[in-house]
Amino acid sequence: MPYDIAVVGGGPAGLSAAINARARNKSVLVVSNDYRESPLYRAKQVDNYLGMPGQSGAALLDAFYRHAEETGTVFRTGRVLNILPLDSTYCLSIGTEVEEARAVILCTGVSQGKKFPGEAAFLGRGVSYCATCDGMLYRSRPVAVVGLAPDAPEEANFLQGLGCRVTYVSGRRPEGLDPAISWVKAGRLEIVGEEAVTALRVNGTDTPAEGVFLLRHAVPPTDLLPGLTLEGGYVAVDREGRTSLPGVFAAGDCTGLPLQLAKAAGEGLVAGQRAAEYVDQLSDSEKIDSIKKGE
Ligand SMILES: Cc1cc2nc3c(=O)[nH]c(=O)nc-3n(C[C@H](O)[C@H](O)[C@H](O)COP(=O)(O)OP(=O)(O)OC[C@H]3O[C@@H](n4cnc5c(N)ncnc54)[C@H](O)[C@@H]3O)c2cc1C
C-alpha cells in the first residue's frame, strides 16, 4: 500500500506538513537525513518565532519532531536520491530501497554549494550520489569519496569493505574512517575523464578514480524530480504550495526567500493540507472510475 503522502526533508517545513496532513487523517511518511542536520539545529537562539523567543534551534526542532512523532507520522532516515512518477503515485528511491506515495511534499531546504566541474557531464559515467546503490560496480577499482555529509565516512568504509580502493576527500580528516583508506584534504575539485571518469582533480593534482561518490546532505529538487519548474533557483509554487507537477507540493526554504522558520512552518501547513485534499480528490476520481467500469 502506498502512503498517502511522502514528505522529503524533516526540518520545520516537513514536520509542519506532516502534522497538518496527519490532522486530515492521511498516512504520512517523512524521509529525511537526521532532523538534527537541519540548519536550524545550529541556531543558538531564535528570537523571531511567535510566542517562543529565546529558544535554541535545537530545542525547537526537538519539540517539532516529538510533536510529529506523537501524531503518528512514520519516519525513515535516509537520503532521497530520486523520485519517479508512476501511474497515480510517486516512487521515492532511498539508497537501494523504495517507498511509494500518492502525493509528495518537497521540504528539502536549500542545497549548499554548486555542482563541481564535470559532475553533470559524468553523472552515470563514474559520478554517483549513492555508495550502497553503485558500489558493486567499482569492486577492486580506485574510487574517490567526497565527504560532504556526516554519514560519508561510513559509506566510504562500506566501499572499502566491498573491495574498492578508496580515497576520501574532505575539508578535515573525518573520525571513524577505515585506516586503510587514504585521506586527501579537499580544495578546488574537478571530475575529469574522457568516455568515463578517470580521476578526481584536487587543487590541480589528479587522484586516479573510476568512480567519484559525491555524498552530500541534500539533492537539488530538480535532480530529484526532473521537470520541476524553478524560479530564481527555488522551486516555483503557487499560494497553495503546488509545484508544476501534479501531486507534488513544496514548502519552506526550498521555495524561496525569506529563509526563515515561521515561513517554513506556515508553508508546511498549507502544503500538508493541500496535499491531503489532493489525495482525497484522487480517491474520489478512482471511485468514480471503478463505478463506471462496473467493478
Ligand atoms: C545558524 C542559523 C541560524 C538561524 N536562525 C534563524 C532564526 O533566528 N530565525 C529564523 O526564522 N530562521 C533562522 N534560520 C533559518 C531556518 O533555520 C530555516 O529557515 C529553516 O530551517 C527552514 O526549514 P526547512 O524545513 O525549509 O529546511 P531545513 O531546515 O533546511 O530542513 C531540510 C531538511 O531536509 C533534509 N534533506 C534535504 N534533501 C534531502 C533529501 N534528498 N533526502 C532526505 N533529506 C533531505 C536536510 O538534511 C534537512 O534536514 C537560521 C539558520 C541558520 C543556519
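In this predicted model, Arg-76 and Glu-99 form a salt bridge, with 2.7 Å between the closest N and O atoms. Arg-76 belongs to strand 3 (residues 74-77) and Glu-99 to strand 6 (residues 97-106), so the pair ties together parts that are 23 residues apart in sequence. Both Arg-76 and Glu-99 are buried.

The structure holds 16 salt bridges. Side chains of opposite charge can pair when their charged atoms come close.

| Pair | Closest N and O atoms |
|---|---|
| Arg-76 and Glu-99 | 2.7 Å |
| Lys-263 and Glu-267 | 3.3 Å |

Asp-238 is partly exposed, at 33% relative accessible area, and Arg-242 is also partly exposed, at 43%. Lys-263 and Glu-267 both lie in helix 6 (residues 261-292), and because they are four residues apart there, about one helical turn separates them. Lys-263 has a relative accessibility of 16% and therefore counts as buried, while Glu-267 is partly exposed at 22%; the cut-off for buried is under 20%. A network of salt bridges links Arg-24, Glu-240, Arg-274 and Glu-277.

The next topic is the cysteines. A search of the whole structure finds one disulfide. A disulfide is a covalent bond between the sulfur atoms of two cysteines. Here the partners are Cys-130 and Cys-133, with their sulfur atoms 2.1 Å apart. The link is right-handed, with 75 degrees about the S-S bond. Cys-130 is buried, with a relative accessible area of 6%, whereas Cys-133 is partly exposed at 31%.

Cys-164 is in no disulfide; its nearest cysteine sulfur belongs to Cys-130 and is 13 Å away. Cys-164 is buried, at 2% relative accessible area. Cys-254 is likewise in no disulfide, and the nearest cysteine sulfur, that of Cys-107, is 6.1 Å away. Cys-254 is buried, at 3% relative accessibility.

Three strands form an open sheet in the order 11-12-13, with antiparallel pairing. Strand 11 (189-193) and strand 13 (205-208) stand at the edges; each has a single partner strand, so one side of each is left without a neighbour in the sheet. From one strand to the next, the twist averages 35 degrees. Strands of a sheet pair through backbone hydrogen bonds, either parallel or antiparallel. Strand 12 (residues 197-202) and strand 13 pair in the antiparallel sense over four bridges. Val-202 has Thr-205 in strand 13 as its bridge partner.

Conventions
Residues numbered from 1 in each chain as written. Predicted model: local features only at pLDDT ≥ 70, side-chain atom pairs only at ≥ 80, totals over all residues. Heavy atoms only, no water. Disulfide = S-S within 2.5 Å. Buried < 20%, exposed > 50% of the residue type's maximum accessible area, 1.4 Å probe, protein only. Pairing = 2+ DSSP bridges. Helix = DSSP H or I, 4+ residues; strand = E, 2+ residues; numbered from the N terminus. Axes fitted to C-alpha atoms, helices over the stretch in contact; angles between N-to-C directions. Salt bridge = Lys/Arg side-chain N within 4 Å of Asp/Glu carboxyl O.
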